[in-house]
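Subject: Handover of a structure and the findings on it

Dear colleague,

Please find below the structure that I am handing over to you. My notes on it follow directly after.

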Amino acid sequence: MSPVLISDTGLAAEIAALINRVYCDAEKGIWLEGQSRTTEAEVAELVATGQIAVVRSGDRIVGSVRVHEIEDGVGEFGMLVAAPEERGTGIGTDLVSFAENWGRARGFAEMQLELLVPQTWEHPVKEFLRGWYTRVGYRLVRKDSLESAYPFLVPHLACPCDFLVFRKFLDPSK
């Protein structure tokens, strides 16, 4: 079950459904009722531009991650999901390793990720992820206001949020 970049946009509906199912729980209370993390069209565009990797179990997609370059020498991963019934099997770790190896293969010095967090309360999934990302070598480099970076998202929030930006130096010898 190794992650692979895909080019088949026909898988976009399945991937979007998985992302939305996972984020519905992982960001419960952060978004207004009825909001989705992504759309089939958005995922199809990301697949078409080589930004989506998936993990399969048989014919099912059980994990995915988006990878892309955000600035010279820096890659980013996001939309990291593992099917709830597959948690604890190492899919998330495999997807993060894939993203880092993807970055190394392109000569990137760092990988980045962003974590959306409520301003006024601690979300248990977000706190778990913050700890997990730190344990795998990511360090918090800044906290940004969602209003300044992604103002179009603010009307869809159920509570005020910031996003935490984490980075990790990529050891080219790995």
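The model contains an open sheet of seven strands, in the order 1-2-3-4-5-7-6, with mixed pairing. Two strands are said to pair if DSSP finds at least two bridges between them.

On the sources, this is a predicted model, in which local features need pLDDT of at least 70 and side-chain atom pairs count only at pLDDT 80 or more, while totals for chains, interfaces and linings use all residues. Residues are numbered from 1 along each chain as its sequence is written, and side-chain values use heavy atoms, with hydrogens and water left out.

The annotation

An unreviewed UniProt entry carries the annotation "domain: N-acetyltransferase" for residues 2-171. UniProt positions are given in the numbering used here, feature names are shortened, and annotations may be inferred rather than shown by experiment. Over residues 2-171, the chain is 32% helix and 32% strand, with its end C-alpha atoms 21 Å apart.

The hairpins of the sheet

In general, strands of a sheet pair through backbone hydrogen bonds, either parallel or antiparallel. Strand 2 and strand 3 pair in the antiparallel sense, over six bridges. Ile52 has Arg66 of strand 3 as its bridge partner, and Ser57 stands opposite Arg60 in strand 3. These two strands, strand 2 and strand 3, form a hairpin with two residues between them, and Gly58 in the turn has a positive phi of about 65°.

Strand 3 also pairs with strand 4 in the antiparallel sense, over seven bridges. Val67 stands opposite Phe77 in strand 4. The hairpin of strand 3 and strand 4 likewise has two residues between the strands, and Gly73 takes a positive phi near 80° there.

The helices

In what follows, buried means under 20% relative accessible area, exposed means over 50%, and partly exposed lies in between (1.4 Å probe, protein chains only). Contact means heavy atoms within 4.5 Å.

In helix 2 (residues 40-48), the buried residues include Val43, Leu46 and Val47. They cover an arc of only 100° around the axis, which puts them on the same side of helix 2; the arc is that of the directions from the helix axis to the C-beta atoms. Ala41, Glu45 and Ala48 are exposed on the other side of helix 2. The buried residues of helix 2 pack against helix 1 (12-26), strand 2 (52-57), strand 3 (60-71) and strand 4 (74-82). Gly50, with a positive phi near 70°, follows helix 2.

Helix 3 has 15 residues and reaches 21 Å from its first C-alpha to its last, close to the 21 Å expected at 1.5 Å a residue. The expected span is 1.5 Å times one less than the number of residues in the helix. Among the buried residues of helix 3 are Ile91, Leu95, Phe98 and Trp102. Just after helix 3, Gly107 takes a positive phi of about 80°.

In helix 4 (residues 124-135), Lys126, Leu129, Trp132 and Tyr133 are buried. Seen down the axis, the buried residues of helix 4 fall within an arc of 125°, so they line one face of the helix. Pro124, Phe128 and Arg135 are exposed on the other side of helix 4. The cover over the buried residues of helix 4 includes helix 1, strand 4, helix 3 (91-105) and strand 5 (110-118). Gly137 follows helix 4 and has a positive phi, near 105°.

The cysteines

The structure holds zero disulfides (a disulfide being a pair of cysteine sulfur atoms within 2.5 Å). For Cys24, which is in no disulfide, the nearest cysteine sulfur is that of Cys159, 15 Å away. Cys24 is exposed, with a relative accessible area of 55%. Cys159 is also in no disulfide, and its nearest cysteine sulfur, that of Cys161, is 3.9 Å away. Cys159 is buried, with a relative accessible area of 10%.

A tryptophan in a loop

Trp31 lies in the loop between helix 1 and helix 2, and at 21% relative accessibility Trp31 counts as partly exposed. Not counting residues up to four places away in sequence, Trp31 touches Leu116, Leu153, His156, Leu157 and Ala158.

With kind regards

Definitions and conventions
Helices (H or I, at least four residues) and strands (E, at least two) are DSSP runs, numbered from the N terminus.
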